[in-house]
Amino acid sequence: MASSCRRPEHSAPPDLFYNEAEAKKYSQNSRMIEIQTQMSERAVELLNLPEGQSCFLLDVGCGSGLSGDFLSEEGHLWVGVDISTAMLDVALDREVEGDLLLGDMGHGMPFRPGTFDGCISISALQWLCNADKKSHSPPKRLYTFFTTLYSSLSRGARAVFQLYPENSEQLELITTQAMRAGFSGGMVVDYPNSSKAKKFFLCLFAGVSGVLPRGLGSETSDKTVSNQVQYSGQRCRFKNMKGKSLKKGRDWIMEKKERRRRQGREVRADTKYTARQRRPHF
């Protein structure tokens, strides 16, 4: 997982962090431009768009339009959404070819159903896991975003999110809300055994279940280490060796309470009486 040190989402909300100075620095850094272009190229590859056909794409967290430049070079039309006015101002100054919209992805995507042939997002999705205001609930904001995005995509389209997850709990939160919204798919990990080249891509399918692409570098990785994480709606049962259900046991209850905490729900504090069986009244 990505280190929690120097993570920009811990510094300030995105609309404040990406001010005029940060927006200009971000858009003029040659190394940043190169990385952004490479990740955009990989995201478009994972979209699996028809060859030789111009598509209408959505770029969530488009920033100054660096990823949009690659989309334009590939012959696609696109709309970019970002919460930072400073970033969008830089995109206007750069005269990007896509249409730009100021908006908070946590408020949902304001587009008609079936508008887009696909969606990409570079280094933006993890921002929704932060509660920058008292009214912010990360699970609710993620669910609102994914449900409205699902509606905005044509059936059979894909959405690919390059993200920097802070930990496994954050990954679980994101994927859980995406599956609740109707998506199928999972996580594609490029170069899983490399600390620097390792990249996470959440590849989602709208309306149909597709085959999850293979991550780059998988041919050199250990066969016992999976570089893809798939999710399904199938629930596993808690049973012991004798076939008796372990539900309502202490381990099951503690796991359920921890899962609800990760989802942002209010849960009673753990005590020595948690999951203790009560004596009958008579």
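Two strands pair if DSSP finds at least two bridges between them. The legends below describe close-up views of a predicted model.

**View 1. Strand S4 and its burial.**
Strand S4 spans residues 116-122. Of its 7 residues, 6 are buried, and the strand is thus described as mostly covered. In a regular strand the side chains alternate between the two faces of the sheet.

**View 2. Pairing of strand S4 with strand S1.**
Strand S1, formed by residues 56-60, runs parallel to S4. The two strands are joined by 3 bridges. Across this pairing, Asp59 lies opposite Ile120 of S4.

**View 3. Pairing of strand S4 with strand S5.**
Strand S5 comprises residues 153-163 and pairs with S4 in the parallel sense. The pairing extends over 6 bridges. Here Gly118 is placed opposite Arg158, a residue of S5.

**View 4. Crossing of helices H2 and H5.**
Two packed helices are described by the angle between their axes and the distance between the axes. Helix H2 covers residues 20-28 and helix H5 covers residues 85-93. Their axes come within 8 Å and cross at roughly 45°. H2 and H5 are therefore oblique to each other, and their crossing is right-handed.

**View 5. Residues in the contact of H2 with H5.**
From H2, the residues Glu20, Ala23, Lys24, Tyr26 and Ser27 take part in the contact. They meet Ala86, Met87 and Val90 of H5. By class, the residues of this contact comprise 5 nonpolar, 1 polar and 2 charged.

Key
Residues are numbered from 1 along each chain as its sequence is written. This is a predicted model: local features need pLDDT of at least 70, side-chain atom pairs count only at pLDDT 80 or more; totals for chains, interfaces and linings use all residues. Side-chain values use heavy atoms; hydrogens and water are left out. Buried means under 20% relative accessible area, exposed over 50%, partly exposed in between (1.4 Å probe, protein chains only). Helices (H or I, at least four residues) and strands (E, at least two) are DSSP runs, numbered from the N terminus. Axes are lines fitted to C-alpha atoms, for helices over the stretch in contact, and angles run from 0 to 180 degrees between N-to-C directions. Angles under 35 degrees count as roughly parallel, over 145 as roughly antiparallel, 65 to 115 as roughly perpendicular and the rest as oblique. A crossing is left-handed if the near helix is turned anticlockwise from the far one by less than a right angle, and right-handed if clockwise. Contact means heavy atoms within 4.5 Å. Ala, Val, Leu, Ile, Met, Phe, Trp, Tyr, Cys and Pro count as nonpolar, Asp, Glu, Lys and Arg as charged, and the others, Gly among them, as polar.
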